[in-house]
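Student: Could you guide me through this structure? I am seeing it for the first time.

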Amino acid sequence: MNITASTAWKAIEAHRLSSSPVHLREMFARDPGRANALSLSFDGILFDFSKQRIDSTTLPLLTALAREARLAEWTDRMFAGERINASEDRAVLHVALRRSAGPFPAGNLDVMSEVLATRQRMAAFADTIRSGNALGFTGMPIRNVVNIGIGGSDLGPKMVGYALRSMSHPALGVHYVSNLDGAQLAPLLQTLDPRTTLFLVASKTFTTQETMLNAQTARDWLVANLGDAAAVANHFAALTAKPERAVEFGIRPDAVFPLWDWVGGRFSLWSAVGLALMIAIGPHAFADLLAGAQRMDEHFRSTPYERNLPVVMALIGIWNTNFLGATSNAVLPYNESLKYFPSFLQQLEMESNGKSVGIDGQPLACAANPIVWGELGNNGQHAFFQLLHQGGRLVPCDFIAAVRSDYPLPGHQEALLANCFAQSAALAFGKTVDEARSELSRTLQPAALAELLPHKVFPGNQPSSTLLLSRLDPHTLGALVALYEHKVFVQGVIWGLNSFDQWGVELGKAVANSILPAITNAALAEKLDVSTQQLLAFSRQHLA
């Protein structure tokens, strides 16, 4: 359906047009109970969206939009294992990876036996390495694990591994390699002992260009140092849907862990793709991560829309993007451990919903996903926050913080939280001309005051939400990631697109493969565009 032609969409547009613009400062002044009314809590997470530019009428209109978009039907279809990824004719069952028992999604389509068996194999494999009983080719125990992947086979486990590094195994190093640039892999190899290093190759097809080139380089390094190709069997494992290709590479069949076509890469950290993460934090912590995600799955599936965290978060994003005109959304963690969370969300959101064609193959009638960007908030304050405060652009923000620190130092956490809360308040309320004049009049003469005054006024009214976690533990982090996953799904349903394919990514891969031979062979560049020919000619000159 064309959602912009729906009754609910038109009602929201009429609401926006008929409501006189009201500053967030005035909204809070009118309603002392606003913060409580526009907040939700779940399993140690407080979601405060009271600083969004909505009133008591907005959210009911938005939830009506979700109903008119048949969100409940699409949710049931996903959880039932229907092939809602229509362009690839696949089911979408990453939610199965978090479950602790079966059958799921239904008796005649039960994937849980495979899921649980793989999870048990992963746990046994991880425990063997963590206990020091996994031996390399020369009989020395494995002490470093290198995950070689890209996209979803890298960002998810790397993000969670960094977030939970306070509980990582103290004697094991876990590293992530994704970049084709040798500047990532080469320096890492210089720090590793081939006798004690295990490589995990994560690729669903076992043909991903970046992953396989890095894997081949690691294999060559290992064999050159240990002097025998047979060493590969002790130092490589694979996470793939093509086990035969992994075995051909030299990996033992019992070190190959399956991936399934009903799990998209950006939703795969809960699967065997999370093996490096499980090795780092242990099977019990990994199980807690899954449990937190499953709790969010249950909340999303059973909670009325008005109190449903993923639904409300998604609808606020729809409001900001399609009715207020925002073109980007900033993710601002006030937590060093969430350093990679903005990068993770960039893939999750923009690869899923960064589309202009609907599931029916027709152009969308409205804008879809905004640009997602961000950085650690405390660092951003001394960089791009100037634009947020006075740049004149509408940039909704997600502030994320944990009340308790995993690395407590006296005074640090209190100051960090104060900065987080201060920035969201300053963006919302700003500083008026009268407030700035009163402040400056204490130290400046009238002429100097008049000159400086325009620079000290902050318009405010920048919308933001704050996700405040009681602490960053596996359970809460699992719930947080699942929250954003379901937000993406809800928005995709409303926009009418397929959140689970990524044909733009596939195009880039195909074009790169066609250009690669021309890097060294000028004759093969003749059919390419003139700009690419020029770039290739310059490259050949300097490569030589």
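**Helices and their surroundings**

Tutor: Helix α21 is followed by Gly 496, which has a positive phi near 80°. Please keep in mind that this is a predicted model.

Student: How many residues does helix α21 have, and how far does it reach from its first C-alpha to its last?

Tutor: Helix α21 covers residues 474-495, which makes 22 residues, and it reaches 32 Å. That is close to the 32 Å expected at 1.5 Å a residue.

Student: Is α21 mostly covered or mostly uncovered?

Tutor: It is mostly covered, since 21 of the 22 residues in α21 are buried.

Student: Now another topic. How do the axes of α1 and α4 cross?

Tutor: Two packed helices are described by the angle between their axes and the distance between those axes. Here, α1 (residues 7-18) and α4 (residues 58-68) have axes that come within 8 Å and cross at roughly 160°. The two helices are therefore roughly antiparallel to each other, and their crossing is left-handed.

Student: Which residues make that contact?

Tutor: From α1 they are Thr 7, Ala 8, Trp 9, Ala 11, Ile 12 and His 15. From α4 they are Thr 58, Leu 61, Leu 62, Ala 64, Leu 65 and Glu 68. By class, the contact has eight nonpolar, three polar and one charged residues.

Student: And Gln 347: buried or exposed?

Tutor: Gln 347 is buried, because its relative accessible area is 11%, under the 20% cut-off. This residue lies in helix α15, residues 341-353.

Student: What does Gln 347 touch?

Tutor: Leaving aside residues up to four places away in sequence, Gln 347 touches Gly 151, Gly 152, Leu 155, Arg 266 and Ser 352.

Technical notes: Residues are numbered from 1 along each chain as its sequence is written. This is a predicted model: local features need pLDDT of at least 70, side-chain atom pairs count only at pLDDT 80 or more; totals for chains, interfaces and linings use all residues. Side-chain values use heavy atoms; hydrogens and water are left out. Axes are lines fitted to C-alpha atoms, for helices over the stretch in contact, and angles run from 0 to 180 degrees between N-to-C directions. Helices (H or I, at least four residues) and strands (E, at least two) are DSSP runs, numbered from the N terminus. Angles under 35 degrees count as roughly parallel, over 145 as roughly antiparallel, 65 to 115 as roughly perpendicular and the rest as oblique. A crossing is left-handed if the near helix is turned anticlockwise from the far one by less than a right angle, and right-handed if clockwise. Contact means heavy atoms within 4.5 Å. Ala, Val, Leu, Ile, Met, Phe, Trp, Tyr, Cys and Pro count as nonpolar, Asp, Glu, Lys and Arg as charged, and the others, Gly among them, as polar. Buried means under 20% relative accessible area, exposed over 50%, partly exposed in between (1.4 Å probe, protein chains only). The expected span of a helix is 1.5 Å times one less than its number of residues.
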